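Visitor: I'd like a guided walk through this structure, please. Could we take it one question at a time?

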Amino acid sequence: MRERGFVIDSFSFPSLLKAAARVSALSEGMEVHGFGIKMGFVSDPFVQTGLVAMYAGCGCIEDARLVFDKMSERDIVAWNIMIDGYCGSGRYDIVLPLIEEMQRSHAKTDSKIFSTVLSACGRAKNLEFGKAFHKFIAKNNVLIDYNMQCALVVMYAGCGSMDMANSLFKNLSPKDLAVSTAIITGYSNAGQIDAARLIFDEMTEKDLVCWSAMISGYAEGSQPQKAICLFDEMLNSGIKPDQITMLSVISACANLGALDNAIKIHSYIDENGFSGILPVNNALIDMYAKCGELDRAKRVFSRMHRRNVITWSSMIGAYAVYGDAINALNLFHQMKAQKIEPNDVTFVGLLYACSHAGLVEEGQKLFALMVNEYNIIPKRKHYGCMVDLYGRANLLKKALEVIEEMPMSPNVVIWGSLMAACRIYNEVELGEYAAKRVLELDPYHDGAHIFLSNIYAKEKRWENVGKMRKTMQEKGVIKQRGCSKIELDGEIHEFLTADKTHVQVDEIYSKLDEVVSDLEVAGYVPNMCSVLVDLDDEEKTKALLWHSEKLALSYGLLRRRNGSCIRIIKNLRVCEDCHNFMKIASKVYEVDILVRDRTRFHHYKDGVCSCKDYW
Ligand code: ZN
Ligand code: ZN
């Protein structure tokens with residue numbers, strides 16, 4: 001324009017600055033600023049407001065303030081930009097004084113700025129400032145109209161202060177759809193899923209965002225079944241899901257580990273045009289991996305036209321939990337060949353695969369590669385994998401060295417994994433040390449209590465056994481109850497340890513008796529090491545034989561149709577006795593048994609397990 005001889009006037013500047021602000025183009029914005037100075041436009045209030053917006057939009061709040069302070073006439077727009085900018089950069093300490101200054105100035109405050117601040121504050125989850133700001137509004141006799149009430153509810157819900165949010169929400173009339181959704185999300189995030197459902201059920205009108213919020217609350221919480229039910233309800237009510245809903249439902253299927261449901265959702269995805277979406281496909285890989293369907297995960301992976309680092313990492317992670325280190329490593333080499341840069345998650349999968357397959361040297365190499373070649377700073381998870389790698393390989397001193405040399409403090413998982421390794425290799429002294437560190441971090445850790453009392457009993461340190469038992473009683477340590485789920489014909493059955501609540505309870509327990517005697521003929525002997533010492537022998541046997549996965553297996557065998565694989569999802573790590581039990585059962589009954597425990601899969605077939613007894 002200038003080259004063609006046109007004269008640029010001050011009206012061109014606000015548009016230029018707005019464009020720069022929108023794409024955070026700081027250097028171009030500064031060029032425009034310099035040009036404006038040369039042309040003598042910077043005393044124009046519109047240009048000044050544009051400059052404030054440009055600097056604030058580029059995250060240079062101090063530079064915005066310099067321009068703002070020089071303005072002779074500040075209109076409400078400039079004030080709003082400035083206040084919004086301080087919220088955006090987290091400088092809440094400056095927001096209140098600035099609003100007070102604004103109130104003293106000619107520019108009258110409007111309720112819009114208060115709503116803006118409230119919503120910024122909710123997004124930032126800054127409850128302390130939110131409360132102070134609420135007080136400020138009340139003290140200054142600002143009119144709290146309907147919009148402001150809504151903004152207050154959303155702010156408290158965003159900050160997780162659900163009591164405040166709900167008490168304001170109760171008085172809100174009519175109940176705004178977006179505000180109700182914010183309450184549902186707030187309750188879900190706080191783990192109060194039933195409270196969220198109450199609000200959800202009271203709503204007369206629901207849109208997709210609202211359904212999605214409720215579904216995601218169930219999916220991420222402890223009730224993934226309900227997420228899937230609700231999804232069906234939503235479809236029946238005629239609402240079409242979007243990508244966000246689908247990701248929640250896929251994650252629900254993954255958490256549930258239920259294959260029939262997973263396959264159903266996958267075909268819905270294929271039939272409704274979601275199958276080309278990268279994040280959806282990535283989630284599908286993860287879902288099948290968690291359902292123990294490595295082949296289906298591979299099929300999704302191979303059909304994808306576009307793959308990113310998450311795709312590759314998910315597939316590597318799938319091989320890792322399945323104990324297939326060779327393929328995990330192969331995939332890593334392919335990934336490198338295709339010039340995809342691995343990230344920290346990729347290496348967690350790789351190190352995990354190595355530790356579960358006993359590949360010590362390979363694991364060490366990968367750790368060094370991650371640090372030296374990819375400049376990834378190891379996180380606690382990576383150190384945890386290394387402790388596990390050495391621990392499982394009976395290199396307990398090396399495992400301890402990793403713990404002692406890691407830059408952050410080891411957590412209970414890391415000490416727990418050293419303790420578990422010591423238990424396997426009967427390393428009493430170091431094991432006792434590790435168990436005590438576990439108890440320092442988690443005084444209620446049942447595994448550490450049981451481990452220590454077993455050590456003391458084995459060494460006949462009866463005084464210590466008594467002390468241990470006493471502290472356990474005093475603290476009320478209860479072994480976290482095992483829970484196993486089994487899916488039959490699309491329906492999920494749940495069993496707790498020694499559960500007697502199932503409708504077919506009698507049949508299940510007599511089936512279990514039958515299974516135990518069949519297996520004993522084939523050489524099964526109950527292993528008492530994984531039970532508390534202070535039970536008598538009969539109680540011990542019961543405590544062991546009634547482990548939830550044995551109940552689930554019995555039920556599976558009871559209802560099994562020929563040829564089908566039995567799939568069990570367990571909340572805790574599978575114990576040695578159950579592991580042996582499943583192996584023998586797979587041979588005696590000629591059945592494939594797939595157990596997902598807290599950390600990995602065990603595929604029992606013909607008397608052996610895919611983990612090669614190394615878990
Ligand atoms: Zn068990
Ligand atoms: Zn196994």
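This is a predicted model: local features need pLDDT of at least 70, side-chain atom pairs count only at pLDDT 80 or more; totals for chains, interfaces and linings use all residues.

Visitor: How many nonpolar residues does the contact of H29 with H32 have?
Guide: Sorting the contact of H29 with H32 by class gives no polar residues and one charged residue. The nonpolar count there is eight.

Visitor: Are H29 and H32 roughly parallel or roughly perpendicular?
Guide: The two axes cross at roughly 85°. Angles of 65 to 115 degrees count as roughly perpendicular. H29 is therefore, relative to H32, roughly perpendicular.

Visitor: And at what angle do H29 and H31 pack?
Guide: Two packed helices are described by the angle between their axes and the distance between the axes. For H29 and H31, the axes are 9 Å apart. The angle at which H29 and H31 pack is about 95°.

Visitor: How many charged residues are in the contact of H29 with H31?
Guide: On the H29 side the contact is made by Glu 507, Ile 508, Tyr 509, Lys 511, Leu 512 and Val 515, and on the H31 side by Lys 550, Leu 551, Ser 554, Tyr 555, Leu 557 and Leu 558. By class, eight residues are nonpolar and one is polar. The number of charged residues is three.

Visitor: Is Cys 578 buried or exposed?
Guide: Buried means under 20% relative accessible area. Cys 578 has a relative accessibility of 0%, so it counts as buried.

Visitor: What is the geometry at the site of the zinc ion (ligand 2)?
Guide: The zinc ion (ligand 2) is coordinated at 2.0 to 2.2 Å by His 579 (NE2), His 602 (ND1), Cys 609 (SG) and Cys 611 (SG). Four donors count as tetrahedral if all angles lie between 85 and 135 degrees. The angles among these four donor atoms are 102 to 114°, and the site is tetrahedral.

Visitor: What spacing do the donors of the zinc ion (ligand 2) follow along the chain?
Guide: Two of the donor residues, Cys 609 and Cys 611, are buried: Cys 609 at 8% relative accessible area and Cys 611 at 3%. Along the chain, the donors follow the spacing H-x22-H-x6-C-x1-C.

Visitor: Finally, is Gln 48 buried or exposed?
Guide: Gln 48 is part of helix H3, residues 45–57. Beyond its neighbours within four places in sequence, Gln 48 is in contact with Val 42, Ser 43, Val 67, Lys 70, Met 71 and Ser 72. Its relative accessible area is 7%, so Gln 48 is buried.

Key:
Residues are numbered from 1 along each chain as its sequence is written. Chains are lettered from A and ligands numbered from 1 in the order in which they are written. Side-chain values use heavy atoms; hydrogens and water are left out. Axes are lines fitted to C-alpha atoms, for helices over the stretch in contact, and angles run from 0 to 180 degrees between N-to-C directions. Helices (H or I, at least four residues) and strands (E, at least two) are DSSP runs, numbered from the N terminus. Angles under 35 degrees count as roughly parallel, over 145 as roughly antiparallel, 65 to 115 as roughly perpendicular and the rest as oblique. Ala, Val, Leu, Ile, Met, Phe, Trp, Tyr, Cys and Pro count as nonpolar, Asp, Glu, Lys and Arg as charged, and the others, Gly among them, as polar. Donors are N, O and S atoms within 2.8 Å of the metal (3.2 Å for Na, K and Ca); water is not among the atoms, so sites may look incomplete. Four donors count as tetrahedral if all angles lie between 85 and 135 degrees; four count as square planar and six as octahedral if opposite donors are over 155 degrees apart and all others between 65 and 115; anything else is irregular. Buried means under 20% relative accessible area, exposed over 50%, partly exposed in between (1.4 Å probe, protein chains only). Contact means heavy atoms within 4.5 Å.
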